[in-house]
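Visitor: I have some questions about the words used for this model. Please show me the structure before we start.

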Amino acid sequence: MNTLLTFVIPIRHPANAPDWAMLLQRLRQTIRSVSAQDCTNWRGVIVANEGAELPPLPPRWDVVRVSFEPNKLYEQGDADKETFYDAVRLDKGRRVLAGMLHARASEYFMVVDDDDLVGRRLASFVKANSGAGGWHIRDGYFWEDGSRLLYLHNEFSKYCGTSYIVRSDLYGLPETAEHAEPDYIRAMLGSHVLLPERLEQAGHRISPLTFEGAIYRIGHAGAHSRSAGLRSQLFGTDSTIGNPLRALVRLRRIRLVTGSIRAEFFGGMP
């Protein structure tokens, strides 16, 4: 029987990780979060470089080893923004492609960044709605690593890479990685910003998920997006400074990390 939903986690080259031990610690939490799915017809695929240390994996997980070189533009440096983005998207996208080709019989794919957390109802939701083109996570949480607070964001998929579940045939996967054009890899597999544009241009409808679907971990040194902490993101911007009404609206979206939240997203971990 084909797998219903495959979670693909691309892992950067060790040379691009400021602290591999911390990356592994966060990855363990991500794996535990994914593994808490309340439906059994799912699998996980981790894509990592040959020789890169990984944590022990529970059942339903595979590892795909690749030999890609480090991304020389992992830090922007003197490069212009688009050149930098293109390099990051290509590096991530070709790792995602390796994972998808490994599990190409899967009905749906979800790309998960190695530090984020996902809701345990995703696989069962996909099972109940199988056949649809896919979903984006409209409502999700921002969470600063270790904090007891969450921020409920209603435009989650614009900010977090862990935000799309897409029917596999809509990706138009090539037969092999060698047949994939760089532009395809960057847009369809390496960017949650460009992916919805490409799907829409092709006439594919991706609906909003009907519940909070993921947690975007922000504010740590290894964050993919170089995201700031929760306080800075919400209240340290031009949109809230001097705008008490907007600040109040954002304050009302603050939530506590409760036991039910831990069961839903953290795999019940303390």
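Visitor: Which residues form one aromatic cluster?
Guide: Phe142, Tyr151, Phe156, Tyr159 and Tyr216 form it. The model is predicted, so local features need pLDDT of at least 70 and side-chain atom pairs count only at pLDDT 80 or more, while totals for chains, interfaces and linings use all residues. Residues are numbered from 1 along each chain as its sequence is written, and side-chain values use heavy atoms, with hydrogens and water left out.

Visitor: Why are phenylalanine 142 and phenylalanine 156 called an edge-to-face pair?
Guide: Rings of Phe, Tyr and Trp (its six-membered ring) pair if their centres lie within 6.5 Å; planes under 30 degrees apart count as stacked, over 60 as edge-to-face and the rest as tilted. The centres of phenylalanine 142 and phenylalanine 156 are 6.2 Å apart and the planes stand at 70 degrees, which makes the pair edge-to-face.

Visitor: What parts of the chain does the pair of phenylalanine 142 and phenylalanine 156 tie together?
Guide: Phenylalanine 142 is in strand β7 (residues 140–144), and phenylalanine 156 is in the loop between β8 (149–153) and β9 (164–167), so the pair joins parts 14 residues apart in sequence. Strands (E, at least two residues) and helices (H or I, at least four) are DSSP runs, numbered from the N terminus.

Visitor: How many aromatic pairs does the structure hold?
Guide: There are 13. One of them is phenylalanine 125 with phenylalanine 211: the centres are 5.5 Å apart and the planes at 75 degrees, so this pair is edge-to-face. Phenylalanine 125 belongs to helix α3 (residues 122–128) and phenylalanine 211 to the loop between β10 (207–208) and β11 (214–218), 86 residues apart.

Visitor: Are phenylalanine 125 and phenylalanine 211 buried or exposed, and how do you know?
Guide: Buried means under 20% relative accessible area, exposed over 50%, partly exposed in between (1.4 Å probe, protein chains only). Phenylalanine 125 has 14%, so it is buried. Phenylalanine 211 has 10%, so it is buried.

Visitor: What sits over the ring of phenylalanine 211?
Guide: The charged end of arginine 121 does, 4.3 Å from the ring centre. The wording requires NZ of Lys or CZ of Arg within 6 Å of the ring centre and within 35 degrees of the ring normal. Arginine 262 likewise has its charged end over the ring of phenylalanine 266, 5.2 Å from the centre.

Visitor: Why is helix α2 called roughly perpendicular to helix α4?
Guide: The angle between α2 (residues 81–102) and α4 (residues 182–189) is about 85 degrees, and their axes are 8 Å apart. Angles under 35 degrees count as roughly parallel, over 145 as roughly antiparallel, 65 to 115 as roughly perpendicular and the rest as oblique. That makes α2 roughly perpendicular to α4. Axes are lines fitted to C-alpha atoms, for helices over the stretch in contact, and angles run from 0 to 180 degrees between N-to-C directions.

Visitor: Which residues of α4 are buried?
Guide: They are Tyr184, Ile185, Ala187, Met188 and Leu189. These buried residues pack against α2 and α5 (195–201).

Visitor: What is glycine 190 in contact with, leaving aside its neighbours within four places in sequence?
Guide: Arg89, Lys92, Gly93 and Ile185, where contact means heavy atoms within 4.5 Å. Glycine 190 lies in the loop between α4 and α5, and its 11% relative accessibility makes it buried.

Visitor: Why does arginine 60 count as partly exposed?
Guide: Arginine 60 has 41% relative accessibility, so it falls in the partly exposed range.
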